[in-house]
Amino acid sequence: MGIWSYTKTFNHLTKLDAGGTALQSTSHGLYFLAEQTLLEPLSIFLRYGIANADVNRFQSNIAYGFVFNGLIPTRDLDRFGVAVTTVTNGAEYKTQQATAGAQVDDSETAVEFTYKVQLYRGIAIQPDFQYVIHPSTITTRENALVGLLRFEVEL
């Protein structure tokens, strides 16, 4: 568990003073992270966090998933993972967007599949695929399929 806060202040997303200048507020929040090994090759995780919706677009995030080590026999160092992450827009951001004439969904969800292949000691390659539902929470944007390839070198 943890809490965080910036010492700098940020513009409020919707509230103005009498002169039309955005009010200021700090950006702060809290989070919780849990990870548990269920069986020797299988671990699960859960992460949840919230932030000050007065100055932050997203008021909450929840992520959960699992990692399986050695899915393929003789490949004990390889890791297969599945995760789901959902970020939720705060009320102030939705109000700000509605005032500007933009329509946004409440949230964006990404479903992720990844497989880390340990090629040699200290060298790995990791393809990652994500299906994003309501990208950037924009109502007119189609769902997206995203792919990336990560290279890892340990020195």
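Glu152 counts as buried at 16% relative accessibility, where buried means under 20% relative accessible area, exposed over 50%, and partly exposed in between, with a 1.4 Å probe and protein chains only. The model is a predicted one, in which local features need pLDDT of at least 70 and side-chain atom pairs count only at pLDDT 80 or more, whereas totals for chains, interfaces and linings use all residues. Residues are numbered from 1 along each chain as its sequence is written, and side-chain values use heavy atoms, with hydrogens and water left out.

**Salt bridges**

Side chains of opposite charge can pair when their charged atoms come close. The structure holds 4 salt bridges, a salt bridge being a side-chain nitrogen of Lys or Arg within 4 Å of a carboxyl oxygen of Asp or Glu. Glu152 takes part in one of them, its partner being Lys116, with the closest N and O atoms 3.1 Å apart. This pair links distant parts of the chain, since Lys116 is in strand S6 and Glu152 in strand S8 (residues 144-153), 36 residues apart; helices (H or I, at least four residues) and strands (E, at least two) are DSSP runs, numbered from the N terminus. Lys116 is also buried, at 17% relative accessibility, and a network of salt bridges links Lys116, Arg150 and Glu152.

Three of the pairs, including the one just described, are set out below.

| Pair | Closest N and O atoms |
|---|---|
| Arg75 and Asp78 | 2.8 Å |
| Lys94 and Asp106 | 3.0 Å |
| Lys116 and Glu152 | 3.1 Å |

In the salt bridge between Lys94 and Asp106, Lys94 lies in helix H1 (residues 91-99) and Asp106 in the loop between H1 and strand S6 (107-120), so the pair ties together parts that are 12 residues apart in sequence. Lys94 is partly exposed, with a relative accessible area of 29%, and Asp106 likewise counts as partly exposed, at 46%. In the pair of Arg75 and Asp78, Arg75 is partly exposed at 28% relative accessibility, whereas Asp78 is buried at 2%.

**Thr114 in strand S6**

Strand S6 also holds Thr114, which is buried, with a relative accessible area of 13%. The Thr114 side chain makes a polar contact with the side chain of Gln126 at 2.8 Å; a polar contact is a pair of N or O atoms within 3.5 Å, of which, within protein, one must be able to donate a hydrogen and the other to accept it, while residues adjacent in sequence count only if both atoms are side-chain atoms. When its neighbours within four places in sequence are left aside, Thr114 is in contact (heavy atoms within 4.5 Å) with Arg79, Phe80, Gly81, Gln126, Pro127 and Asp128.
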